[in-house]
Amino acid sequence: MTWRDRISSDPKICQGKACISGTRIMVSVILDNLAAHVTSQQIIKSYPSLGPLDIDAAISYAAVRALPATDR
């Protein structure tokens with residue numbers, strides 16, 4: 001599994017921001033929760049359409065986006 005299998009960006013959904021595919025849950029919401037020390041289990045409880053692999057994909061997406069464009 002790669003983050004590309006679970007994350008999409010569509011200009012018609014959430015103004016084109018990266019979301020978990022098939023949802024309107026933005027990657028930034030997941031990352032903000034993790035930064036606030038909310039556990040993956042708590043995030044999934046708050047957003048039942050998410051699964052553990054979606055959380056992992058959001059983290060992987062953020063890691064890739066943090067790299068310089070030449071290293072992506």
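Student: Where does Gln15 lie in this predicted model?

Tutor: Gln15 is located in the loop between strand 1 and strand 2. Cys14 belongs to the loop between these strands too, strand 2 covering residues 19-20.

Student: Is Gln15 buried or exposed?

Tutor: The class follows from the relative accessible area, and exposed means over 50%. With a relative accessible area of 70%, Gln15 is exposed.

Student: How many salt bridges does a search of the whole structure find?

Tutor: The criterion is a side-chain nitrogen of Lys or Arg within 4 Å of a carboxyl oxygen of Asp or Glu. The search of the whole structure finds one salt bridge. Asp54 and Arg6 form the pair, their closest N and O atoms being 2.9 Å apart.

Student: Which parts of the chain does the pair tie together?

Tutor: Asp54 lies in helix 3 (residues 52-66), while Arg6 is in the segment before strand 1 (7-8), so the pair ties together parts that are 48 residues apart in sequence.

Student: How is the accessibility of the two partners to be read?

Tutor: Buried means under 20% relative accessible area. Asp54 is therefore buried, at 7%, whereas Arg6 is partly exposed, with a relative accessible area of 27%.

Student: Which residues does Asp54 touch, not counting those up to four places away in sequence?

Tutor: Asp54 touches Arg6, Ile20 and Ser49 under that exclusion. The side chains of Asp54 and Arg6 are also joined by a polar contact of 2.9 Å.

Notes:
Residues are numbered from 1 along each chain as its sequence is written. This is a predicted model: local features need pLDDT of at least 70, side-chain atom pairs count only at pLDDT 80 or more; totals for chains, interfaces and linings use all residues. Side-chain values use heavy atoms; hydrogens and water are left out. Helices (H or I, at least four residues) and strands (E, at least two) are DSSP runs, numbered from the N terminus. Buried means under 20% relative accessible area, exposed over 50%, partly exposed in between (1.4 Å probe, protein chains only). A polar contact is a pair of N or O atoms within 3.5 Å; within protein, one must be able to donate a hydrogen and the other to accept it, and residues adjacent in sequence count only if both atoms are side-chain atoms. Contact means heavy atoms within 4.5 Å.
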